[in-house]
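Hello,

Here is the structure we spoke about, for you to look through. My notes follow below it.

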Amino acid sequence: MDTIITILARELGREPTHVENVVRLLDEGNTIPFIARYRKELHGAMDDTVLRTLADRLQYLRGLDERREEVRAAIEGQGKLTEALAAALTAATTLAEVEDLYRPYRPKRRTRASVARERGLEPLARLLFAQGRDCPEPLAEAEKYVDPDKGVATAEEALQGAGDIIAEDISDDAALRRQLRALWWSKGELVSSAASKEPEDSVYRLYYAFQCPVRRAQGYQVLALDRGEREGFLKVAVEMDRDTALIQVRRAVLIPGAPSMAFVRAAAEDAYDRLIAPSVEREIRRDLTEQAAEGAIHTFALNLRPLLMQPPVKGAVTMGLDPGYRNGCKVAVVDPTGKVLDTAVVYPTFSEKKKQEAIRVLSALVERYGVRHIAIGNGTASRETEQMTAELIKAVGGGVSYMIVSEAGASVYSASKLAAEEFPQYDVNLRSAVSIARRLQDPLAELVKIDPKAIGVGQYQHDMPQARLDEALSGVVEDCVNAVGVDLNTASAPLLTRVAGLGSATAKNIVQYREENGAFTGRKQLLKVPKLGPKAFQQCAGFLRVPESANVLDNTAVHPESYAAAEKLLALCGYDLPAVKAGAIGDLRDRVAAYGEERAAQACGVGVPTLRDVTAELMKPGRDPRDELPKPILRTDVLEMKDLKPGMELTGTVRNVVDFGAFVDIGVHQDGLVHISQLGAPHRVRHPSEVCAVGDVVTVWVLEVDEKKKRISLTMRKPEG
C-alpha cells in the first residue's frame, strides 16, 4: 500500500521529502503561516494554499486509515476476515469504498432478509444463488423448507424469503455497487420539477422543468435545487435508465442456463429496484451536494482573499455614511488612524429641505476636520445617499472623493459584544458608520472583526457545512493577516487573534500588557506577556511589527531567528542596520547577486529562499504588500442606470465572483453581471476566478440594461469597431 506521504506527494506533485517535512512540522504544532514563510527550505517553497490543501488531505487520509482499521477489527471480531477482504480493505482509497466493503458485515436493523434468515431459509438461498447445473427446480427445493412453526407456511413463502436474502446479498456486493455508482455518474440525469401543479413565480422558476447529465451538473445548480427542494418549491431526483442498469446487474450475478437463473434474475431485479437504486440515488445526491459545497467554499475563499487584501486608503480623514430611510443616515468622521472625531445623524431622504440641511451639516464636518474621502455603505438608501454626496462634493468645491463600500456584516459587528466594548458611548447605528469609514481606510483590520461568513462574497454560504466553511474562511483570514503583518502597538485583540500562534486569550493578554506597561519597544518584550511562551513566540514574532523599536528588523518580516543572518548579509555587502533604517541600501540585491546567492546563503547560515526573503525585507522595511495592488476607484460624481447605453465603456470594480460570472460595480448602485462567456479570455474558461478576482479594477462594456428588473449585462470583450 502507498504510504500517506507517497499519496500526498503524488497528488500535489511535490517531492516526498518535502511532504514528509511538512507533515512533521504540522505534527510538531507549527502553524501554516509560519511553515509557509519561515521553513521554505524544508518544503520547497509551497505557498499557504498548497500547505492547507496538504493539511486537509492529511487529515482525510489519516481518518481513512483509522476507519479502515476499525472496519478490519470489526470484521475480524466476527471471524469473517478473509485474505481477499483484507487485501480489498488495504487497497481502498476512499471512505466510500471502505464502507461498501463493510456493508455485508455491518449490524443491520431488522430487514426482510434477516427475518428470512431467522426462519432458516439461508441454505435455500445459497443453493439457488449458486445456480449449479445440478440444482433442482426452485419450487420443488423450496418444499423442503416449509415449516409452519418457523413461519414458513408454503413453498412460495420459502422462495420469497430466499429471494429476499439473495436480493440483500446482491445489494451488499461492493464491486457491483462500485460499478453501478460509476454508471449512474456517467449516464444518470439530474432532474427537477415544480412541487405543485400550479407553481407560483419564484427564484426557482428556471428549475420547474430542469434536466441535465449528472456529470455536467454545475455546483450552483445543485445548491439551488437542494434549497428549492428544502423550501418546498421543487421535486428533485436522479434518474437512471433501468434497463441499462439491470444489464450490469444481471451480468454480475447470473449464470446462463442454470435451472435457478430465472429466480435469481427476479431477485436481482428486486435488489436493484428496492435496495440498490434508492441507495445509489441518495449517494449521488449526497456526493453532488458535497462537491458543490466544497466548490462554493473554495469560491468563497477565493473571493475573500482579495477582498481582505484590498489596498487601504491611508493617511486621510475619512467620513463614513451608513444610509437609511426611517432612522436617517448615520455619520462618523475618523482620523487617519481610525479614531472617531465626530458623529451625526442626517435625514437626506425625508424631503428636499432635509437633504439640503444634511448637505450643510456634512459640509461643516468636511471643512472642520479636513475630510478627504467619504465611504458610503451599499445598503438601503445607498443610491439617494450617493446622489447627496455628489451634491455635497460640489458644494464644498471639490477636493473630496467617495467610494461605495460593502457594508456586509457591519450590522453584525455593530451589535456585537466586541463593538460594545470598543465604542460603549455610541449606539449600534453609529458604530456601523465608524466600521464603514474604517473599511475604506484599512479593509483587513476592520473585516477581521466580523465572522467571515457575514462578509457575503460567495454563494449559498448558509447552506454550507458550517464547520468546514468556518475552517476554510478562517484559514484565508489568517493567511491574509500574516501576509500583511500586524503593528504590535496598535492592533486590536481580534486582529492579534488572527496572528499565527496567538489565540484569543493570548491576544487579550498582549493588549492588557500594552495598556499596563505602555507601547512595546521590541519583539523580545513579547516573552514577558503572560502565557506567551517560546513556542508561541516562535510562531508569531515574524508577523508582528514594532515600528517604534530601536532595531529596524523588528519592523520587518525577518524572523528573530534570522536577525544574525540579516546582519551578516548586510556586513558582506558593506552595509549596516542604520543604512537599512535610512533606506540607503537600494542596490543590496545587486550586491548579493554579485557575491553569489548560494555563497552568501552559506556564509549567513540560511537557505537561498530565506536569503531572498531577508534581502527583500531589508530593502523595504515595513512594506505593505497591499500597496503593490491596483488602487480602489474613488468617484466624485454619480452615474445612474438610465445613463447607461449599449456599447458604453466603463471602469469598474469586481465585487463578487460566482460560478457563472462576475458582478462588477460600475458606479450606478446596481452591480452589473459579466457572464462567464463574456469574460474576454482567449481560451475557454472553466471558472471566472481564472480571469478575475474580487477587488480587480476592470474595463467593461455595456451589453444590455433592463431598468425595470434592475439588471445590467456587461462584457469584458471589447466591441468590434
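Asp 226 lies in helix α13 (residues 219-230). Helices (H or I, at least four residues) and strands (E, at least two) are DSSP runs, numbered from the N terminus. Asp 226 counts as buried because its relative accessibility is 9%; buried means under 20% relative accessible area, exposed over 50% and partly exposed in between, with a 1.4 Å probe and protein chains only. Leaving aside residues up to four places away in sequence, Asp 226 touches Arg 285 and Thr 289, where contact means heavy atoms within 4.5 Å. The side chains of Asp 226 and Arg 285 are joined by a polar contact of 3.2 Å. A polar contact is a pair of N or O atoms within 3.5 Å; within protein, one must be able to donate a hydrogen and the other to accept it, and residues adjacent in sequence count only if both atoms are side-chain atoms.

**How to read the model**

This is a predicted model, with residues numbered from 1 along each chain as its sequence is written. Local features need pLDDT of at least 70 and side-chain atom pairs count only at pLDDT 80 or more, while totals for chains, interfaces and linings use all residues; side-chain values use heavy atoms, and hydrogens and water are left out.

**The chain as a whole**

The chain has 30 helices and 15 strands. Its C-alpha atoms fill a box of roughly 105 × 70 × 55 Å, taken along the principal axes. Of the 721 residues, 49% are buried.

**Helix α5**

Ala 45 sits in the loop between α4 (40-43) and α5. Its phi is positive, about 60°, although Ala 45 is not a glycine. Asp 47 then caps the N-terminal end of α5, with a side-chain oxygen 3.1 Å from the backbone nitrogen of Thr 49.

Buried residues in α5 include Leu 51, Leu 54, Leu 58, Leu 61 and Leu 64. An α-helix has 3.6 residues a turn, so residues three or four places apart point the same way. After α5 comes Gly 79, with a positive phi near 70°.

**A sheet of five strands**

An open sheet of 5 strands runs in the order β6-β5-β4-β7-β8, with mixed pairing. β6 (340-346) and β8 (401-405) are at the edges with a single partner strand each, so one side of each has no neighbour in the sheet. Two strands pair if DSSP finds at least two bridges between them. Strands β4 (residues 318-322) and β7 (residues 373-377) pair in the parallel sense over 4 bridges, and Met 319 has Ile 374 as its bridge partner in β7. Helix α16 (residues 352-369) packs on this sheet, touching β4, β5 (329-334) and β6, and its direction makes about 170° with that of β6. Axes are lines fitted to C-alpha atoms, for helices over the stretch in contact, and angles run from 0 to 180 degrees between N-to-C directions.

**Two loop residues**

Asp 134 lies in the loop between α9 (122-130) and α10 (138-142), and is exposed at 71% relative accessibility. Lys 531, in the loop between α24 (504-517) and α25 (534-540), is exposed with a relative accessible area of 77%.

Regards
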